[in-house]
Amino acid sequence: MTSTEVTGAVSSGVTVHDSLGQRVLFVDKSVYVATITNLYADGFTMCIDLTAVDYLALENRLLPAGVVAQRFEIVVNLLSLAQRKRVRVRVQIADGESMPSLFDIHPSTEAMEREVFDMFGVAFDGHPDLTRILMPEDWDGHPLRKDYSTGRIPVQFKGAAS
Amino acid sequence: MTTLDERPAADNPTVERSTPLVSAGAITSEGGQELRSRSEISQKALMRESGSVLRLSESAAAALADVANDVDEDQTMIINMGPQHPSTHGVLRLMLELQGETVLRCKPIIGYLHTGMEKTGETLSFMQGGTNMTRMDYLSPLNNELVFSLATEKLLGIDGDIPERAQWMRMLLSELNRMSSHLLFMATNGMDLGAVSMMLYGWREREQVLRFFQKVTGLRMNHNFIRPGGVAADLPAGWRDDVLALLDMLPERLAEYEVLMTGQPIWRERLQGVGVITQSEAIALAATGPILRSTGLAWDLRKDLPYLMYDEVEFDVVVGLHGDAYDRYAIRLYEIRESMRIVRQILDKMPSGNFRIQNKKVTPPPRGRIDESMEALIHHFKIFTEGFKVPAGEVYVSIESPRGEVGCYIVSDGSSVPYRLHVRAPSFVNVQCLPHMMRGGLVADAVAVISSIDPVLGEVDR
């Protein structure tokens with residue numbers, strides 16, 4: 001199986017790219033689930049990692065032609081045990097947009113999507129239990145956003161009598 | 001549930017609402033993290049908390065129906081285990097739904113040790129990043145430094161130029177670290193199951209390994225010794241004798257462990273058939289390391305996607321058969337022996353040469369030069385204050401840590417500080433297996449199951 005076959009199934013909206021020798025698929029949000037499903041059928045049965053990057057401070061980043069840069073990027077690392085191969089899927093989404101959850105294909109994304117939601121405020125539709133995972137449940141803001149400054153956030157005391 | 005906008009300002013008088021420091025957050029409404037009663041949650045969340053992972057055929061589902069899922073809520077009880085519980089390896093908090101002594105549902109609640117290390121990583125330069133990475137999985141700090149260094153070197157494009165001696169030294173330290181981590185697992189696993197004397201023995205042997213680390217790196221833990229470009233210093237005089245002394249001491253001690261634990265009927269009774277996970281479930285949950293190998297799948301990144309010089313040493317990947325807590329114990333015990341086998345080969349093959357790359361961009365000048373050369377002093381000052389610039393790009397590198405696949409995803413914007421540093425922590429993902437392994441087991445076995453995952457909360461919460 002080659003990368004062209006992978007993208008052949010959902011040709012529009014997928015751009016194959018090589019990042020320092022690692023295969024990266026830039027995937028449009030509309031074909032995100034379909035691509036992951038196809039990759040699953042091609043043997044990429046393990047979703048090793050799912051994370052996000054906030055590109056607020058890096059607008060002029062290098063992207064392959066045809067990929068429209070948005071503020072957030074969801075990065076999914078898939079692994080094929082049989083072929084000993086990895087593939088990375090990158091999806092651009094704007095602030096306030098939500099993503100479809102991968103939980104139904106890869107149950108392992110449960111905690112990872114919660115972490116992205118907690119740290120970046122990106123919601124995942126269809127996630128069974130989308131709550132904060134690392135920060136307290138009544139925390140204000142999402143710490144890994146680039147406009148969430150360090151050192152200036154007042155300590156939040158919750159539940160203490162005033 | 002309150003959204004940010006609805007919350008009264010009196011809630012937190014110290015926050016000045018007129019100048020919002022936090023621009024984002026209002027789009028979401030956070031729910032409670034705790035395990036709630038069955039009537040309050042969705043069917044999907046219920047399935048998740050009862051450990052369902054795969055879609056089964058009806059006959060396969062019927063075979064699993066020994067644990068009722070439609071229980072009367074009057075007959076069940078939700079209890080907390082942790083965060084302060086001696087067997088939760090730090091601050092892991094589990095909420096368990098019990099019917100009598102049987103665990104029906106389980107939900108790990110994490111974050112008690114969250115210190116924003118990924119955010120901190122965005123303020124530390126590539127030169128300083130190792131000090132941050134090494135503190136995540138504090139039981140295998142050298143492996144964390146290694147994956148960070150490998151990722152940085154790949155971004156720099158110098159990953160093919162690292163001197164051989166540096167690579168073999170990294171392997172030596174990585175394997176010794178695997179041994180020390182597994183020795184500590186032996187100690188805590190023994191203690192969790194009531195073999196309290198085992199805790200002393202495991203700790204004693206681990207301390208011998210740490211003593212060697214102290215001699216090499218200056219520190220017992222959190223070394224920041226493996227750095228982009230190589231390692232911080234050469235091996236000290238007499239290192240070979242120290243390693244040989246370790247290798248001579250350990251086989252006898254491991255044989256004692258076998259007598260104390262492996263051979264004991266009580267030990268086997270407590271572990272065999274407890275916390276079972278199948279191979280397909282482990283893959284679906286992205287479990288790696290000894291958990292995945294306990295299901296019979298020989299997946300080890302050192303063998304399957306080799307890094308450093310692992311394709312030049314001989315070792316076996318230890319696998320289990322049943323996917324239970326006993327297999328995971330036995331795998332770690334035998335992995336200590338396999339690591340010793342690798343270390344012996346490293347002793348034979350350790351080449352001479354540089355211990356770090358001679359590339360002035362990433363390598364500070366030798367200490368002696370600083371006293372005699374102004375340029376060397378400036379170079380040293382610049383590299384330790386500003387760091388070195390890393391070309392823009394993104395990369396994901398992963399290695400086999402004692403707990404599974406530890407991955408490092410770095411996005412660089414061309415400056416000397418990572419734009420984003422994400423760590424794929426094996427414990428964070430492995431902890432997701434808990435609801436599945438606990439289902440239908442006894443409360444007393446919960447301790448054995450947590451222990452067999454060998455989570456390090458520093459890396460779960462980061």
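**Stop one: a helix in chain B**

Start by selecting Val209(B), which sits in helix H7 of chain B, residues 196–217; helices are DSSP runs of H or I with at least four residues, strands are E runs of at least two, and both are numbered from the N terminus. What you have open is a predicted model, where local features need pLDDT of at least 70, side-chain atom pairs count only at pLDDT 80 or more, and totals for chains, interfaces and linings use all residues. Residues are numbered from 1 along each chain as its sequence is written, while chains are lettered from A and ligands numbered from 1 in the order in which they are written.

Is Val209(B) buried or exposed? Buried, because 21 other C-beta atoms lie within 10 Å (the cut-offs are 20 or more for buried, 12 or fewer for exposed, partly exposed in between, with C-beta atoms placed from the backbone).

Then try Leu235(B), 26 residues along from Val209(B) in sequence and 15 Å away in space, C-alpha to C-alpha.

**Stop two: all of chain B**

Zoom out to find 19 helices and eight strands in chain B. Of its 462 residues, 49% count as buried.

**Stop three: where the chains meet**

Now show both chains: 48 residues of chain A are in contact with 53 residues of chain B. On the chain A side, pick E3(A), which gives the most, with six residues.

Conventions
Two residues are in contact if their C-beta atoms, placed from the backbone, lie within 7 Å.
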